[in-house]
Amino acid sequence: MTRKSVTEQYPDVQPDLAPRTRGVIGLFEENCTVCMLCARECPDWCIYIDSHKETVPAAAPGGRERSRNVLDRFAIDFSLCMYCGICIEVCPFDALFWSPEFEYAETDIRELTHERDKLREWMWTVPAPPALDPAAEEPKELAAARKAADKLAAERDAAEQQATEPEGDA
């Protein structure tokens, strides 16, 4: 109240957004396995997913064919979405992310259903995750993997050293 208020000239001057601003949901299509968790957990039922099964030939001779889901349609109706982020939290494959984009207004409410091509475009505006705290404890999984790798390297070095040593006189 003691300072004069300043009006931001919005369309001409872009606002300074917080680093992890929630604007719109972006889709990283390569990670989507069509598990439907996001659509099932959405409280507004604003996510629409269509897919079909495709047969993948055996990787090795004598192996069996596999089937996998192929994404045909992934759309979010932002006129229904309440931006709770549950879909992003439940996605086990990191296919959905918050993008800071907020300029996606439409003149017709029916145009607020954005298909996967538009969601993919927003994916490239997602900021990188914050860096890990250097003072943080190393995750147990990394520690176990590092321990196993160090053990294998030590065994390999010992085998190489033994192979390069000349045999002694008997």
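This is a predicted model: local features need pLDDT of at least 70, side-chain atom pairs count only at pLDDT 80 or more; totals for chains, interfaces and linings use all residues.
Q: Why is Ser99 called buried?
A: Buried means under 20% relative accessible area. Ser99 has 0% relative accessibility, so Ser99 counts as buried. This residue lies in strand β4.

Q: What makes the approach of Ser99 to Thr125 a polar contact?
A: A polar contact requires a pair of N or O atoms within 3.5 Å. The side chains of Ser99 and Thr125 make such a contact at 2.4 Å. Leaving aside neighbours within four places in sequence, Ser99 is also in contact with other residues, including Thr21, Arg22, Gly23, Val24 and Trp122.

Q: What makes the phi of Val34 worth noting?
A: Most residues other than glycine have a negative phi. Val34 is not a glycine, yet its phi is positive, at about 60°. Val34 is placed in the loop between β1 and α1.

Q: How do we know whether Val34 and Trp45 are buried or exposed?
A: The cut-offs are under 20% relative accessible area for buried and over 50% for exposed. Val34 has a relative accessible area of 5%, so it is buried. Trp45 stands at 59% and therefore counts as exposed. Trp45 is found in the loop between α1 and β2, and its phi is positive too, near 55°.

Q: Why is the pair of Phe28 and Trp124 called edge-to-face?
A: Ring centres must lie within 6.5 Å to pair, and planes over 60 degrees apart count as edge-to-face. For Phe28 and Trp124 the centres are 6.1 Å apart and the planes stand at 90°.

Q: How do we know that the rings of Phe78 and Trp122 form an edge-to-face pair?
A: Their centres are 6.0 Å apart and their planes meet at 80°, so the pair is edge-to-face. Phe78 lies in the loop between β3 and α2, whereas Trp122 lies in helix α3, so the pair ties together parts 44 residues apart in sequence. Phe78 counts as buried because its relative accessibility is 5%, and Trp122 counts as buried because its value is 6%. Phe78 and Trp122 form one aromatic cluster together with Tyr83 and Tyr104.

Q: What makes Phe74 one of the residues that stand out in the largest nonpolar core?
A: This core has 25 residues, and Phe74 is among those that touch the most other members, as are Ile25, Ile47, Ile49, Ile76, Phe78 and Leu96. At least two core residues come from each of β1, α1, β2, β3, α2, β4 and α3. Leaving aside neighbours within four places in sequence, the contacts of Phe74 include Leu27, Cys38, Ile47, Ile49, Leu96 and His114.

Q: Why is His114 called buried?
A: The cut-off is under 20% relative accessible area. His114 has 5% relative accessibility, so this residue counts as buried. His114 is placed in strand β5, and beyond its neighbours within four places in sequence it is in contact with Phe74, Ala75, Ile76 and Phe78, among others.

Q: What makes β4 stand out in the lining of the largest pocket?
A: β4 gives the largest share of the lining, three residues. Both α2 and β4 supply at least two lining residues each. The lining includes Leu96, Phe97 and Trp98, as well as Ile88 and Glu89. About 220 Å³ of space lies in this pocket.

Terms used. Residues are numbered from 1 along each chain as its sequence is written. Side-chain values use heavy atoms; hydrogens and water are left out. A nonpolar core is a set of buried Ala, Val, Leu, Ile, Met, Phe, Trp, Tyr and Cys residues joined through side-chain atoms within 4.5 Å. Buried means under 20% relative accessible area, exposed over 50%, partly exposed in between (1.4 Å probe, protein chains only). Helices (H or I, at least four residues) and strands (E, at least two) are DSSP runs, numbered from the N terminus. Contact means heavy atoms within 4.5 Å. A polar contact is a pair of N or O atoms within 3.5 Å; within protein, one must be able to donate a hydrogen and the other to accept it, and residues adjacent in sequence count only if both atoms are side-chain atoms. Rings of Phe, Tyr and Trp (its six-membered ring) pair if their centres lie within 6.5 Å; planes under 30 degrees apart count as stacked, over 60 as edge-to-face and the rest as tilted. On a 1 Å grid over the protein atoms alone, a cavity is a set of points where a 1.4 Å probe fits but cannot get out, and a pocket is an open set with protein on both sides within 12 Å along at least five of seven lines; lining residues have an atom within 4 Å of a point. Grid points are joined across faces, edges and corners, and a volume is the space filled by probe spheres set on the points.
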